[in-house]
Amino acid sequence: MTTYFLADVETTGVGPNDRVVEVAWALVDQDFNVVEKGGSLIDPGCPIPAGASAVHHITNRDVAGKPCIEQYFEDILENRFGCADFIFTAYNAPFDYRFLSRFLAEGTPQLDVLRLARRLYPKSDNHKLATMIYYLGIEVDKDGFHSAFGDVEAMLAILGKMSEDFGYTLWDLFELANTPMQVTTMTFGKHKGVPLKDLPRSYVVWLLGLSNLDDDLRAALEA
């Protein structure tokens with residue numbers, strides 16, 4: 001039976017040298033049942049910038065005395081996910097995977113829920129997690145937005161709504177998320193809705209320089 005490892009991290013920032021300040025996770029079976037869940041505030045080993053605290057409301061005082069990320073996964077969880085067979089699932093999965101991959105089995109497959117949201121609900125104003133909760137009319141604890149635990153709960157609710165709306169199983173959603181998608185118009189930003197062929201060349205160059213650009217959009221821009 002396939003198990004899905006839903007995870008979310010809050011961090012000191014989005015750069016390659018930033019660190020985790022909170023992690024939450026849930027193991028979910030193919031019927032959307034939560035089998036187990038956990039998480040912790042994490043000491044990043046460096047000051048948390050005020051701008052980051054403004055997003056997730058986690059401060060240096062909150063993480064004082066908490067485990068570092070290695071202690072949490074290697075000592076507290078005893079490396080339990082390092083040899084597990086599951087599908088890593090997150091909202092903008094490449095971002096969270098970058099922070100957690102060293103604690104996962106090599107080659108762990110990914111399910112990017114953000115990618116699914118863009119594909120299944122193209123008419124949404126944008127595809128941020130909080131936006132999708134309101135767009136889909138999902139009832140969740142709104143105070144939990146931008147907390148790792150709240151975001152995992154919201155992500156599971158969005159997956160459930162996708163299944164309800166389109167009749168997909170979790171495995172179907174995994175396969176759909178990993179199927180190449182043809183992109184013809186800009187999906188976000190100031191040029192959202194503009195045909196790719198009509199984008200300013202300088203904007204295209206800027207987009208291609210982004211390290212976290214969606215693979216399908218990158219392929220379409222490079223075509």
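Start by selecting Ile158: leaving out residues up to four places away in sequence, isoleucine 158 touches Tyr91, Val113, Leu129, Met132, Ile133, Leu136 and Ile138, where contact means heavy atoms within 4.5 Å. You're looking at a predicted model, so local features need pLDDT of at least 70 and side-chain atom pairs count only at pLDDT 80 or more, while totals for chains, interfaces and linings use all residues. Residues are numbered from 1 along each chain as its sequence is written, and side-chain values use heavy atoms, with hydrogens and water left out.

Now widen the selection. Ile158 is among the residues with the most contacts inside the largest nonpolar core, along with Tyr91, Leu111, Leu159 and Met162; that core has 34 residues. (A nonpolar core is a set of buried Ala, Val, Leu, Ile, Met, Phe, Trp, Tyr and Cys residues joined through side-chain atoms within 4.5 Å; buried means under 20% relative accessible area, exposed over 50%, partly exposed in between, with a 1.4 Å probe and protein chains only.) Helix 7 gives the most to this core, 8 residues. Helices (H or I, at least four residues) and strands (E, at least two) are DSSP runs, numbered from the N terminus.

Next, pick Val9, Trp25, Leu27 and Phe95, which belong to a second, separate core of 23 residues.

Strand 4 and strand 5 run parallel over 3 bridges, and Ala90 sits opposite Asp112 in strand 5.

Last stop: charges. Which residue forms a salt bridge with aspartate 216? Arginine 115, with the closest N and O atoms 2.5 Å apart; a salt bridge is a side-chain nitrogen of Lys or Arg within 4 Å of a carboxyl oxygen of Asp or Glu. Asp216 is in helix 10 (residues 215-222) and Arg115 in helix 5, 101 residues apart, and both are buried.

Technical notes. Two strands pair if DSSP finds at least two bridges between them.
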